[in-house]
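Thanks for coming. I will take a few minutes to walk through one structure, and you can follow along on the screen.

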Protein chains: 2
Amino acid sequence: MSKPPVTPARTKRVGAQLTPESIIEASLRIAARGSADAFTVRRLGEELGTDPTAIYRHFRDKDELLLSVADRTLGEVLDSIPDGLDWKGRLRALAAGSLAVALKYPAVSSAMASRTTRRGNEFRVVELILGAVLEAGLDGAEAAVHYRMVGDSLLAYVGQRAAYLLFDPEVRAADESSWSREYRTVDAQGFPHITRLGQQLAEVTHDQIFHARVEALITAIEQRAGALRGA
Amino acid sequence: MSKPPVTPARTKRVGAQLTPESIIEASLRIAARGSADAFTVRRLGEELGTDPTAIYRHFRDKDELLLSVADRTLGEVLDSIPDGLDWKGRLRALAAGSLAVALKYPAVSSAMASRTTRRGNEFRVVELILGAVLEAGLDGAEAAVHYRMVGDSLLAYVGQRAAYLLFDPEVRAADESSWSREYRTVDAQGFPHITRLGQQLAEVTHDQIFHARVEALITAIEQRAGALRGA
DNA sequence: ACAGCGTTGTCAACAGTGTTGCGCGAACTC
DNA sequence: GAGTTCGCGCAACACTGTTGACAACGCTGT
């Protein structure tokens, strides 16, 4: 028992000031502060009270740290999903939870919009979505495609919202006011639809859009399952 | 006629080497080279044969240049849409054209995934989508929300794909191989769905996913219009 | 034709980013 | 207790976008 089987087990020092966990938690604290101060390596060192480059003893590079942090936030999402829901309810809860976490840690979600963590919690999310799609009545390649549709779409949605939050307030203001400014003054001849619906376009909220996007996913799955059942 | 009305009309010099147009075109050439060399100000100066900082005489900052370049690519998308299509066909053509342009200029699309150009061609795209949604049978606030759903979704989709193309080849390879590596070795007890569908999950292509996402949008609009008609 | 002046490109520099190599001291192993 | 490894601090590098000073060019009005 005295000899570790193959690897020396790399005894991590007990008195270490920094641990992967403490670094991840500091990263989350910074990310939660929003765009006020960006999520940078030097700011991370400040938050930890150590030299910025010390984190490179625990993570190969910033990307690996980001993947670990993102997986942690995925855990938060999963914990927010109650039991006993049907497949639509589970997908809605997953979407709502993902959005909430994305708005809480925008820097993380923004960076992960087209990535894969390949870590523990991601497997749980995949299993969750797959279960929902299967319960809806899809299977095989059909279920696989629709899982990817849901997964990629959710990631893209929340990443888009998160990235938006990271812009300078003035840039964001310019984008938002465009609906009530530039779009009001377009040529009525060339753009009749914009002219006629200008008011309604300016009044659409982010939540309405998100809701519509999520329901579109659910409707698409339901429709496809119904078509297969009928065939 | 000798006196310009109010502003001195700021006579732009005729012999200028650089013009907004030439800078935009150089930007597109660089962006089309993919992730090989990134779209940076210094590289832009190289491409133009001038000092990098010269572009600041024509654009306030890199963001404003990016907005102009993006609007130009929107023009490419619009030109690729044939006439005489019904609303579904127009949306499909818009989606396909957007994806093609995004894959052609990934740096541009990636940066614009959550932005608004507020320039000429964007109005034309908005008018196009609004027309499709109206033709499908929606109107008023309902049409406005569904327009935003389509617009934001398309932007997010293609931005996601574009951003993916910009990653280091090794990062991309790690992400792609995960489906045939990590996901094959998960615990069969805890993740039965992943275990059972592992093969199909690894075989899903980007095109299948994109197709499913676009069709989901169309289905959602159709469904909503049908529900309103019935009510 | 000439003075004036705005426009435009060049250059050096700054603040910020992620990352690496070197050294020291402390903690663990034997 | 000796030797080795590990964790951290420090300085530095390459890269990013951006700014201010400067000089030269060409248009403008007289």
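By what turn, and with what shift along the axis, can chain A be laid on chain B? The turn is 180° and the shift is 0.0 Å, with an RMSD of 0.0 Å. The two copies are thus related as by a two-fold rotation axis. In general terms, any two copies of a chain are related by a rotation about an axis and a shift along it. Please keep in mind that this is a predicted model.

Now to chain A by itself. Read from the N terminus, the order of elements is α-α-α-α-α-α-α-α-α-α. The radius of gyration of chain A is 22 Å, while the globule rule gives 17 Å for 231 residues, so chain A is more spread out than a compact globule. Along the principal axes, the C-alpha atoms of chain A fill a box of roughly 80 × 50 × 25 Å. As for burial, 38% of the 231 residues of chain A count as buried. If we take the contacts in chain A between residues at least 6 apart in sequence, 68% of them join residues at least 24 apart.

Next, the place where the chains meet. How many residues of chain A are in contact with chain B? There are 47, and they are in contact with 47 residues of chain B. On the chain A side, the elements that give two or more residues are α6 (120-136), α7 (140-166), α9 (192-203) and α10 (206-230). Of these, α7(A) gives the most, with 15 residues. By type, the residues on this side of chain A divide into 25 nonpolar, 13 polar and nine charged. Do the copies meet through the same surface, or through different ones? They meet through the same surface, because 100% of the interface residues of chain A are also interface residues in chain B.

Let me stay with helix α7, this time in chain B. Helix α7(B) covers residues 140-166, which is 27 residues. From its first C-alpha to its last, α7(B) reaches 39 Å, close to the 39 Å expected at 1.5 Å a residue. Of its 27 residues, 20 are buried, so α7(B) is largely enclosed by the rest of the structure.

On to the nonpolar core. The largest one has 133 residues, and the members that touch the most others are Val133(A) and Val133(B). Leaving out residues up to four places away in sequence, Val133(B) touches Leu138(B), Ala143(B), His146(B), Tyr147(B) and Ile221(B).

I will finish with two single residues. Is Val125(A) buried or exposed? Val125(A) sits in helix α6 of chain A and is buried, because 21 other C-beta atoms lie within 10 Å, and 20 or more is the cut-off. Again not counting residues up to four places away in sequence, Val125(A) touches Leu74(A) and Leu78(A). Val171(A) is 46 residues from Val125(A) along the chain, and their C-alpha atoms are separated by 34 Å.

The other residue is Arg42(A), in helix α2 (residues 41-48) of chain A. Arg42(A) is exposed, with 11 other C-beta atoms within 10 Å. Arg42(A) and Ala93(A) are 51 residues apart in sequence, and 36 Å apart from C-alpha to C-alpha.

That is where I will stop.

Note on methods
Residues numbered from 1 in each chain as written. Chains lettered and ligands numbered in written order. Predicted model: local features only at pLDDT ≥ 70, side-chain atom pairs only at ≥ 80, totals over all residues. Helix = DSSP H or I, 4+ residues; strand = E, 2+ residues; numbered from the N terminus. Rg over C-alpha atoms; globule rule 2.2 N^0.38 Å. Buried ≥ 20, exposed ≤ 12 C-beta atoms within 10 Å, placed from the backbone. Contact = placed C-beta atoms within 7 Å. Expected span 1.5 Å × (residues − 1). Nonpolar A, V, L, I, M, F, W, Y, C, P; charged D, E, K, R; others polar. Least-squares fit on C-alpha atoms with pLDDT ≥ 70 in both. Core = buried A, V, L, I, M, F, W, Y, C linked by C-beta atoms within 7 Å.
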